[in-house]
Amino acid sequence: MAQPSSRAAAPRAAAAAPRFTADDARKLVQDGGYNHVKVALTDVDGILRGKYISRDKFLSALEKGFGFCDVIVGWDSHDALYDNARYTGWHTAYPDAPVRILPETMRRLPFENDLPFFLCELADQAEAVCPRALLRRMLDKAAGMGFGLKAAFEYEFFLFDETPHSVREKHYRNLTNLTPGFFGYSTLRNTVWSDLYHEILSTMQALDCEIEGLHTETGPGVLEAAIAVDEGLSAADKATLFRTFTKVIAQRNNLMATFMSKWSNEVPGQSGHIHMSLVDGKGKPVFHDPKDPHGMSAVMRHFVAGQQALMPEFLAMIAQTVNAYSRLVPGFWAPTSATWGVENRTTALRVIQGGPKSQRAEFRIAAADANPYIVLAAALGAGLWGIERQLELGEPVKGNAYAKTFPRKSELPRTLWDAAQRLRASKPARGLFGDDWVEHFAATREWEEREFRKHITDWELARYFEII
């Protein structure tokens, strides 16, 4: 619900810092006397999977890479092995996949005496199923078309006065929110809990993940953070780090944070909105044209039109969990159809008007639990597809989109299973992301839906146990 400032889709005014290189990383670790370094990469669900490695292994891996068991793309968020994946499984015996360390992602971990921390990517054939590599391919496509991407993520997340042990003892029921009541934008709440707010702000600053805005949202114990704009891969890196280390901060304070799409039917779901704009090869914004309606350039119109057209086919890459479909209901600040509007928060795509540096599109369909690399790749890929075909938009939705009826082509799949089938059958998805990615990701979403179907919900027990 928060609206980031005009910087949210504009290039940085200051010159970019020099790129941190492998030589820089080698010097840092050797001169700093570090015995170990921490490395991590995301699995399909966006969970950072990592480990400590020795100094000698790290220095060798900078040149030659290292191996990481490919089970990290062969299991779900609870480490249960997929039984339907082609890329890896018992049939391949789960070999090591080659991994490259990304020196430019170096951070120092404030919780661990400034220990160096690096993100990684799967390499060689494993790139086909690596979420970060997927986004990189979309950014390469954009560059080939003469564009660069500026993006900024904003996240809603709930905080609880609970621990990993207490939530399990309570079976995730009757949990105690950090604060009670619906206190949106509350100065009272953020002052009482200012130590926690400042710890979040300072930690993210130390992790090169600047927070542009942090405030309470509408709901008990819910906050929203707007991460400052950056270039495509860096923006997704920061979103990944923000989600992980917000949870770290909470648990180090004997609290818990959740980014799941919708943890309660009594409160709104949790969004992971993305603000996006394109620049040309010289860094000049290309979404604004004061002569056109709503200040939208032809490039922006085509980009948003592509996102709208492919949203039903790409929804599995946007709403990635079973729970995400509980968020997509009328009246709770989440879109229910592939719609667009100008300054309209009831539509899936919101055009934000401004000058050359602030004109942007907000991708409002995304939830907080989506893997940042995958959802940004889907949003960017669809937009580029629209530009290539010079798609044009219809009229924007005015007023309450929940109260209107839209063409069938705008309807979104209602379940993760249906969304996975739409993705698997999508020719644009296969053309943009590759057959290997589509097959692997669709299989993982089918697995997730099948795991859900194994369980009986409280609603089913209360509805059918006695009366049927």
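**Helix pairs and loop residues in a predicted model**

Colleague: This model is predicted, so let's start with the helices. At what angle do α11 and α13 pack, and how are they oriented to each other?

Modeller: Helix α11 (residues 416-424) and helix α13 (residues 435-453) have axes 9 Å apart and pack at an angle of about 165 degrees. Angles over 145 degrees count as roughly antiparallel, so α11 is, relative to α13, roughly antiparallel.

Colleague: What is the handedness of the crossing of α11 and α13, and how many charged residues does their contact have?

Modeller: Where α11 passes α13, the crossing is left-handed. On the α11 side, the residues that meet α13 include Trp417 and Arg424, and on the α13 side they include Phe441 and Glu446. Sorted by class, this contact of α11 with α13 has 8 nonpolar residues and 1 polar, and its charged residues number 7.

Colleague: Now the other pair. How are α1 and α2 oriented to each other?

Modeller: Helix α1 (residues 22-32) and helix α2 (residues 55-64) have axes 10 Å apart, with a packing angle of about 170 degrees. The cut-off is over 145 degrees, and α1 and α2 are therefore roughly antiparallel.

Colleague: Which residues of α2 make the contact with α1, and how does the contact divide by class?

Modeller: From α1 come Ala22, Ala25, Arg26, Val29 and Gln30, and they face Arg55, Phe58, Leu59, Leu62 and Glu63 of α2. The residues of this contact of α1 with α2 divide into 6 nonpolar, 1 polar and 3 charged.

Colleague: On to the loops. Is Gln270 buried or exposed, and which residue's backbone nitrogen lies 2.8 Å from a polar atom of its side chain?

Modeller: Gln270 is in the loop between β11 (256-258) and β12 (274-279). Its relative accessibility is 0%, and buried means under 20%, so Gln270 is buried. Its contacts include Glu156, Trp263 and Arg327. The backbone nitrogen 2.8 Å from a polar atom of the Gln270 side chain belongs to Phe158.

Colleague: Which side chain does Ser261 join in a polar contact?

Modeller: Ser261 is in the loop between β11 and β12, and with a relative accessible area of 0% it is buried. Among the residues in contact with Ser261 are Gln270, Asn323 and Arg327. The polar contact, at 2.8 Å, joins the side chain of Ser261 to that of Asp369.

Colleague: What is phi of Tyr172, and what of Glu343?

Modeller: Most residues other than glycine have a negative phi. Tyr172, in the loop between α4 (164-169) and α5 (187-192), is partly exposed at 48%. Glu343, in the loop between β13 (340-342) and β14 (349-352), is partly exposed at 35%. Both have a positive phi without being glycine: near 60 degrees for Tyr172 and about 50 degrees for Glu343.

Colleague: Last one: is Thr336 buried or exposed, and what distance separates its C-alpha atom from that of Leu201?

Modeller: Thr336 is in the loop between α9 (324-327) and β13, and it touches residues including Val329, Tyr402 and Arg414. Its relative accessibility is 17%, so with the cut-off for buried at under 20%, Thr336 is buried. Thr336 and Leu201 are 135 residues apart along the chain, and their C-alpha atoms are separated by 33 Å.

Key
Residues are numbered from 1 along each chain as its sequence is written. This is a predicted model: local features need pLDDT of at least 70, side-chain atom pairs count only at pLDDT 80 or more; totals for chains, interfaces and linings use all residues. Side-chain values use heavy atoms; hydrogens and water are left out. Helices (H or I, at least four residues) and strands (E, at least two) are DSSP runs, numbered from the N terminus. Buried means under 20% relative accessible area, exposed over 50%, partly exposed in between (1.4 Å probe, protein chains only). A polar contact is a pair of N or O atoms within 3.5 Å; within protein, one must be able to donate a hydrogen and the other to accept it, and residues adjacent in sequence count only if both atoms are side-chain atoms. Contact means heavy atoms within 4.5 Å. Axes are lines fitted to C-alpha atoms, for helices over the stretch in contact, and angles run from 0 to 180 degrees between N-to-C directions. Angles under 35 degrees count as roughly parallel, over 145 as roughly antiparallel, 65 to 115 as roughly perpendicular and the rest as oblique. A crossing is left-handed if the near helix is turned anticlockwise from the far one by less than a right angle, and right-handed if clockwise. Ala, Val, Leu, Ile, Met, Phe, Trp, Tyr, Cys and Pro count as nonpolar, Asp, Glu, Lys and Arg as charged, and the others, Gly among them, as polar. Lists of a residue's contacts leave out its neighbours within four places in sequence.
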